[in-house]
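Dear colleague,

Please find below the structure that I am handing over to you. My notes on its charged side-chain contacts follow.

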Amino acid sequence: MTRRVFLSYQHRDHGRAKGFDLMRHSPHVKAEYSVRHLLNPVASTDDAYIGRKIREQQKHTSVTVVLIGKDTHKSDWVRKEIEWSLAKDSPNGVVGIKIDKDATVPAGLEDYGAEIIDWTRPSNVETFEDAIERAALRAGRGSAISGSAAGGASGCGRAA
């Protein structure tokens with residue numbers, strides 16, 4: 001059973017976002033989630049167009065995972081991605097993963113009451129999977145979907 005998640009992150013954390021995405025491809029990790037994102041930035045400076053591309057990646061996802069780095073709380077794009085996730089016809093569950101020890105949790109995550117887990121504490125990938133599943137169930141997204149339809153491109157089609 002696989003959950004489809006949208007990965008949101010601040011541009012400066014691109015390398016760690018790639019690491020989170022790559023984790024599910026390891027032959028030593030049994031990851032039960034597929035990721036949609038914009039790891040390859042949208043080739044545009046038109047904010048409306050970039051926003052449409054991000055929302056396209058959020059379609060058919062049930063959870064938004066926000067990687068919380070040192071400057072994530074300052075990112076307007078991450079704030080919008082959280083808002084768009086919660087405003088979907090069937091809202092996404094939201095979970096935050098702190099990738100910097102002293103990172104400030106973005107206000108949208110605090111307002112929603114999202115579970116925040118520490119990137120450095122999990123003893124295995126199941127810690128992430130369990131948090132993703134709890135977020136989906138909290139949002140009323142029912143049981144996990146079968147198979148993987150991982151797509152695309154995260155939460156970072158922009159540089160801010």
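A salt bridge is taken here as a side-chain nitrogen of Lys or Arg within 4 Å of a carboxyl oxygen of Asp or Glu. The model is predicted, so local features need pLDDT of at least 70 and side-chain atom pairs count only at pLDDT 80 or more, while totals for chains, interfaces and linings use all residues. Residues are numbered from 1 along each chain as its sequence is written, and side-chain values use heavy atoms, with hydrogens and water left out.

The structure contains nine salt bridges. One of them joins Arg79 to Asp76, with 4.0 Å between the closest N and O atoms. Both residues belong to helix H3 (residues 76–87), three residues apart, or about one turn of the helix; helices (H or I, at least four residues) and strands (E, at least two) are DSSP runs, numbered from the N terminus. Arg79 is partly exposed at 39% relative accessibility, and Asp76 is partly exposed at 47%. For these terms, buried means under 20% relative accessible area, exposed over 50%, and partly exposed in between (1.4 Å probe, protein chains only).

Arg16 takes part in a salt bridge with Asp13, the closest N and O atoms lying 2.9 Å apart. Asp13 is buried, with a relative accessible area of 1%, whereas Arg16 is partly exposed at 27%. Arg16 also forms a salt bridge with Asp100 (2.9 Å, N to O). Asp100 lies in the loop between strand E4 (93–98) and helix H4 (107–112) and Arg16 in helix H1 (residues 14–23), so this pair ties together parts that are 84 residues apart in sequence.

Finally, a network of salt bridges links Arg12, Asp71 and Lys74.

With kind regards
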